[in-house]
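I am opening my notebook on this protein.

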Amino acid sequence: MRPFGSFFIPWWSRIRVRTLLFGVLMSTLPVLIISSYYLYFARLDLQRSVQIQNNLLVERIAQEVDVMLAHTEESLKNLAVNLSDTNMRDTKGEVMQHQFYRFLHEFPLVDEVVVLDSKGQAITGINRFQIFSPVTNWIDPIELKGLTLEKPYYSPVSFLKSGIPAVKIVVPLGTAYGDSFSGGYGIRLRLRGLLTALKPTDPLSKTDLYVVDALGRLIADSDVTRVLEKMDVRKSYTVEHFLQYRNPQGLPALNQYQSYSGQNVLGGYAVLPRNGWAVMVEQPVAVAFAPINQLFTRFLLFILFILGFVISLSVFYGLSITRPIERLEQAARTVSRGRLDERVPEERQDELGQLARTFNEMMERIQSQSEDLLQEKERLDTIVHGLGAGMALLNDHFGVTWMNPVLERWVNQEILQSMEEITSYLNRSIPQKIYRHQVYPLEYARSNEPCYLMVVEDITERRRMEDLMIQADKLSALGLMASGFAHEINNPLAIIQGYAEDLEEQLESGKGELPKAERIERYLRTIRKHIMRAQHITQSLLNFSRKSEWKVEEMDVIRVIEESLSLMQFIIKKKQIIIVKRWANQLPKVKGDALQLVQVFVNLINNAVDALPEQGEIRIEVESERHSDITVSVRDNGQGIPPELLPKVFDPFFTTKEVGKGTGLGLAISYGIIARLGGAIRVESEPGQGTEVLLTLPVVNSQGRNEE
C-alpha cells in the first residue's frame, strides 16, 4: 500500500483549483444567465419596437398620400362645379384657362388638365410642358360607366416616354344621370415625385419608402432614380404579401427578410383603399438594430466590469479558504511519514481556525493513543499466543495467511497450505482428536487483506461427554422399555414352546412314528416365524442400545419414525394410546445418522406417552414444502406445559416428571442431534391444549447435499 505522501495530486484535482473554479462559476454564471435573459428579451422588445415604428411610419405616409389624393380629387370636383356654368364652357374662354393654370400651380404633380366629352376625348385643356392639342381616346368611356362625383375614376398606372409613371383621375361634368358618361374633367398626375412632394419627416435614417400599384410595380420612391430605372420590387417579401393577401396585419411580428436590393431589412406596408395601391417601408437591419447593438456593447462592457470585480473577490475569498486547508494537507503528509509531533497555526477565528485547533488536539490524542496502542498490541499478542484456542486469518479463497502458535502445534504447516476448504478435522494423524472451527467474517477488511477469522477449538473431551450423555439417555430409555421388550419376547417364546411340546407329544404317542409331513412343515413354519419376530425385537434393542460413532447417510424419515414406534409399541399398547399418522407416500430423504434420529423420536414419543392419560392420542404428521425441507410434528392432547416452564424445556437435567421417571436429558440431547443434522426443533404448548414438538430437517438435493 502506498503511503499518503507518495500520491501525486494533479492540478485539476487540487482543492484550490476546484474552489476557485467553483467560486468563479458561481459568481459568473448567475450574472451571465440573468444578463443574457434580460438582454435577449430587451433585444426582442426593441426589435418589435422598431417593427411597430416602421408600421406606424408607413401608415402615416399612406395616410398623407391618401389625404393628398383626396385633396386633389376635391379640388378637381370644385373645378368641375365652378366651370359647370354654360357660359363658362366655351373652349376659348379665358376664365377656364385661368382656372386650369391655377390648378396646375396648386398641384405641382399634375402636368395636364383636360375637358372630356362623352366619348372620352380631350376637347380642350392645358399641359404643363407643351402646347395642348385635342387628344382622341384620352380615356376609354367604357371605363367611366357609372361614374359619380362621390367616387372619381383612377386609371391604371402608365409610364410616359420619359419613364415617369402617371395616373389619370376623372370626375364627371356636373351630376351624372344613369350609367352614361356625359363629359367631365380629368387630370394626369405624375407619381415619380409623389413621396418627395410630401416631404415626410423620417425619424429613421436610411429608411426606404416607396409606393407600388395594384400590380406591384414601383410608381413612387423616396429615391426617384429607382423609379426611372424601373426597379423590380416584387422580389421583396412585403410586396409578395401585398399582392397575395393585401392585409398588412398578416405580416410576422418581426418581418425580417431580404429585399429586392439584396439587403436584410425590416419591412411593412399599408394599403390605400382609394385606388388599391400600397405604401412600402424597408429599413436595413444594420440600421434598425444599431441602437440595440450599441446598447448590447455598453451592457457587455458593464457586465465585464462586474464580472471582473466579482471574480477578483471570489479568488481572494477562495484563497483565504484554501490556504489553511493546504497547510492542513501538508501537515497530514508529514504525519503520514510518522511524525506525530506536527502542528498547524491557529491564527484564524473561524471554522478553519477551529479545524486547525481540532487537528492539533487530534494529533495530541493520536500520539497518546499510539503509545497506548503499542502497549495494547503487546497485551493482545500475549493473549493470542497464550490462548488455548487456535486462531487463523483467511483470505477470500479460505487460504491461511496467519496462525497463532497454538494452531501451529495442532496441525502440519504443509497440510494447511494445501487446504482448499474448511474442515473440522484438521489433524488427521491423530483420529481420537476432534477439532471444531468457526469462521467469522471481518466486516471492515480491505481488498487483498484477510477477510475471515477462523477459531479452532479442541472439543475431543466435550464430544466424549456428549456421547456419554447420549448413551446414558439410551440406557434410561431402555430401562423404561425393558418390561415391554420382555413381554414382546415372551409371547413368541411361549408359542414356540407350545408347538415344540405338541410335536414331542405326537412323537411319544405315535410309538416312534413321525407325524405327517404337512403338520411338521406347518409347525416348523410357525416356529421359524416367531423366532424371527423375537430376533427382530432383540436386534432393534441391540441397535438402539449400542454405542456408535456418528454415521452420515441418506435416510427415509418415515422408516425412522416407524422403527421408533416399534420400539415404543409395548408402552403405547399398555396405555392404549391412539397413534394418528399422516404423511405423503413420496417424501425427499434427509442426510444424517438414522440411529441418532431414532433416539430423537423415541424421546419425543416417550415424553408424549408420559404426558397422556390412558386412551390418549398422539398425532404424527410429516410434510415437505417446496421440497426444501421436511417438517415433522409430534403432538399430544395432554395437559400441556405451563408458560413459565416452556423456555426451560431444552435445559439439561430439567424435567417435570416425578423422581425416577426421567433424567431431564431427552430434549437437550434431541436438540443437539437435530442441530448436528442442520435442522431446528421447537416446542409449542398451551395449558389444557396439549404439546406439539416441531422438527425441521433439510432435505438432500440433486447433488446429494443437504439443502440449507
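I started with the lining of the largest cavity: eight residues are nonpolar, one is polar and four are charged. (Ala, Val, Leu, Ile, Met, Phe, Trp, Tyr, Cys and Pro count as nonpolar, Asp, Glu, Lys and Arg as charged, and the others, Gly among them, as polar.) A cavity is a set of points on a 1 Å grid over the protein atoms alone where a 1.4 Å probe fits but cannot get out; lining residues have an atom within 4 Å of a point. I noted that this is a predicted model: local features need pLDDT of at least 70, side-chain atom pairs count only at pLDDT 80 or more, and totals for chains, interfaces and linings use all residues. Residues are numbered from 1 along each chain as its sequence is written, and side-chain values use heavy atoms, without hydrogens and water.

How large is the volume of the largest cavity? I read about 90 Å³, where a volume is the space filled by probe spheres set on the points, joined across faces, edges and corners. Of its 13 lining residues, Pro-324, Arg-327, Pro-345, Leu-352 and Ala-356 are the closest to the centre. Helix H7 (290–336) and helix H8 (351–386) each give two or more residues to this lining. (Helices are DSSP runs of H or I, at least four residues, and strands are runs of E, at least two, numbered from the N terminus.)

Next I looked up a sheet. Five strands form an open, mixed sheet in the order S17-S19-S20-S22-S21. Strands pair if DSSP finds at least two bridges between them. S17 (578–583) and S21 (680–686) are at the edges with a single partner strand each, so one side of each has no neighbour in the sheet.

Key:
On a 1 Å grid over the protein atoms alone, a cavity is a set of points where a 1.4 Å probe fits but cannot get out, and a pocket is an open set with protein on both sides within 12 Å along at least five of seven lines; lining residues have an atom within 4 Å of a point.
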